[in-house]
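Have the model open as you read.

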Amino acid sequence: MSAQERPDGSGLERAAGPAGVSADSPVGRLAATVDRLSREVRAAQAEAEGRALIELAKGILVERLGCGPSQAARQLTELTEQAGTTQLEFAVEVINQAARDRVSEVTDAFLAATRAAEEAGPDPAAVRLRAAESGALAADDTQAVAESLLAQALRPLGAVAVAIWAAGADGSLTLAGSAGFSPAEAARWHYVPPDVATVARCGLAERDGLWIASLAERGLPSVGRHHHPDGGRAAVPAGTGGRVYGVLEIVWPDRLPEQPVQIVRQVEALAELCAHTLETYAPPGGPDRGSRAPQDAAELMDLADGLYDPALVLVPQPDAQGNLLDFRIQHVNSRFQDPAGRPRAMVSGALLLEAYPMAAGDGDLFQRIERVYATGEPFRARRMNLTALVDQVPLATVADISVSRHGSGILFIWRIEDETARLASLLQHAQRLGRIGGFEENLLTGEITWNGQLFDLYGRPQSGLPVPLEELPAHAHPDDAVTIGRFLRTVLHHRRPASAAFRLQRPDGVTRHIRVVAEPVLDTDGRLLTTRGAYQDISSQHWTEVALAATRDQLAHTEQQAGERDRLTLQLQRAIMPPTQAPLQVPGLDVAVRYRPAETEQLVGGDWYDAVVLPSRLVLLCVGDVAGHGIEAATSMVVLRNALRGLAVTGAGPGQLLSWLNIVAHHLTGGITATAVCGLYDPRSRTLRWARAGHLPPVLVRGSEAAPLPLVRGMLLGAVPEAAYEESEVRLAAEDNLLMYTDGLIERRDRTVEESLTHLLTTAATAPGTLDQRLDRLLTYSRSDTDDDTCIVGIRVG
């Protein structure tokens, strides 16, 4: 008996249960009940959101018409019937006319452009935006705001996820709310440190936001990147009143075409809704990470007064619409000196662009201050040119600049550079770094002047007496007496500049190697008045020269040993891996191999290949690459290649062979790591079973198309003691070509692996002729620039 034929005549149908489950079973009835309750909950939520907008419209009518709530309800019903729309749609229209805010402007333009499409649907853009606004205002936190925006306004636009980022004062980003992402993904991206180039960070730097057609093309990291790698993104700054509080990031699952202006303005309106929420947002980490609580201006003034450098306290000056117009100089500290010479009282209280109109052109100084206020990221610059306008004449000066935001105020610090003091400081630092001490000796008065560095060189206290130049032999090593005597005669007797190197014996027993340079100062009659010069500690240079001389022979011997080691490695590798190999005799199958050693002998690596017919008549095909270069890599290659040959005789599959080879690499070769791809080809069924260990997959060339085989899981050899490797099987057709290769064929320093692989596929697909000609063409047109070994194994099915 069917449900329609029940004896009670109710005519009720049984609830449809899950696939394969009877509707009369408990599971079927439970599923039907859950589905019905879910629909009722969604309908109740929509009704509640619509009711809030209708009640708001009634309140507007009460205020405009001066009537009571019941009369306003009747009036709303009558107007709705006259307009021929739903009560919710008419309520939104009333709110838009009364508010005339950013949402009203956006919905008017959006409805004008999409009126025909909206007539067929029950969910117009105006209702979506007002419902999203209502949900955002009623939400308890930013997380609820994100969920409301996605459900009410963004899913109808095709979006699948949304993230609301709060911008910290240090340039960091905190995920204040998200929807459409898994909890694990949101937790992984809860905090982004400063200076990390993400989608949200780049969108924050753009005044109009960032719209990305495909995330994979830009290569920027962001939350949910692995779930929607080819989808579009939009990152729009969330700001209000000239200040940016964060970023609204929206995710689309597929490539995003260029959006019309109406959609862009709709998203900007949603970002402004987020800004009102972020204005009072405090991250879970406490006030140290992005807190937005405004500070008392008096505290910032006290901070400026405690600084040693001149400082200004700036506060934003908005226009009538709330947009940032200028900054008012709220306070100047006592160390402030106006570049134009004006008193502090004349500058304090003035607008920044009125007091310093050239700030709009001084390396975009005003724009940088405006950006610091908007983003909270401090700005610092060394030796920045500042210009003050004095009687319409620009007066330039050089200063170090520091601009930072504290609450709602800006602290602007500058340090005007004193050229004389700077040069003196540079000279002092140069003498200290060069371990140079200067002296001047007046021969008429006997007065001797030393700087502090020279006292340090001599190992004497600053309060001690300087040593006259004539007494220099008493403080030098006896073996240097002749050299010092020649130096003194040249300066004091012949009155010519001179220099000498000697060993200074200090009072503390330390011997330093010193170079002294001196010149005489003569009067108009040619009489010697003063000698002046400098001492330089050249001990490091001396011992460096000694060490270099002592190691020259050892270096030559080491170079000879290294050359012999490289030649031995190359000979070993070429003996085991000849560049060519006799073709295998397999019916219906052509096998060819190519091996190109590194051009530089010092870069001899561990690339290897093998192609051999097993006792089971299967053909073993493999290539591999041992990490590193030199004899260790070459010998490790020999171990892995021979081990794989021996293991293949067991008849195990390629996945098991790589699992055993991983044990060999980890335990029996000194802990080396390597990549490999291994395949077993059955000529009878034309099937290839293959596995990979961190290696690039084989390339299948069929007709005029070339593509890599689908990737299977498998980590590199030797990384862990035990590992499992996934296998895959492919059936080859007549005239098919299969290529296995090492990364030396495609690797480039200036290109990604994906770009290099695309070039390889293009070359492989267009290569004509025999299998040997195809492999030769791949080597000839390889764009690799790393000078690494290269192995290629190719098969062609007859």
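## Ground rules

Two strands count as paired if DSSP finds at least two bridges between them. Helices (H or I, at least four residues) and strands (E, at least two) are DSSP runs, numbered from the N terminus. The model is predicted, with local features needing pLDDT of at least 70, side-chain atom pairs counting only at pLDDT 80 or more, and totals for chains, interfaces and linings using all residues. Residue numbers start from 1 along each chain as its sequence is written, and side-chain values use heavy atoms, leaving out hydrogens and water.

## The chain overall

The protein chain has 23 helices and 26 strands. Of its 798 residues, 43% are buried (under 20% relative accessible area, 1.4 Å probe, protein chains only).

Let's zoom in on an open, antiparallel sheet whose five strands run in the order 18-19-20-21-24. Strand 18 (605-613) and strand 24 (727-731) sit at the edges, each pairing on one side only. From one strand to the next, the twist averages 15° (axes are lines fitted to C-alpha atoms, for helices over the stretch in contact, with angles from 0 to 180 degrees between N-to-C directions).

Strand 19 (residues 619-629) pairs with strand 20 (residues 674-682) over eight bridges, in the antiparallel sense. Look for Cys622, whose bridge partner in strand 20 is Cys678.

## Helices across the sheet

Helix 20 (residues 631-648) lies across strand 18, strand 19 and strand 20, at about 20° to strand 18. Helix 21 (residues 654-667) lies across strand 20, strand 21 (687-693) and strand 24, at about 25° to strand 21. Contact here means heavy atoms within 4.5 Å.

Terms used
Buried < 20%, exposed > 50% of the residue type's maximum accessible area, 1.4 Å probe, protein only.
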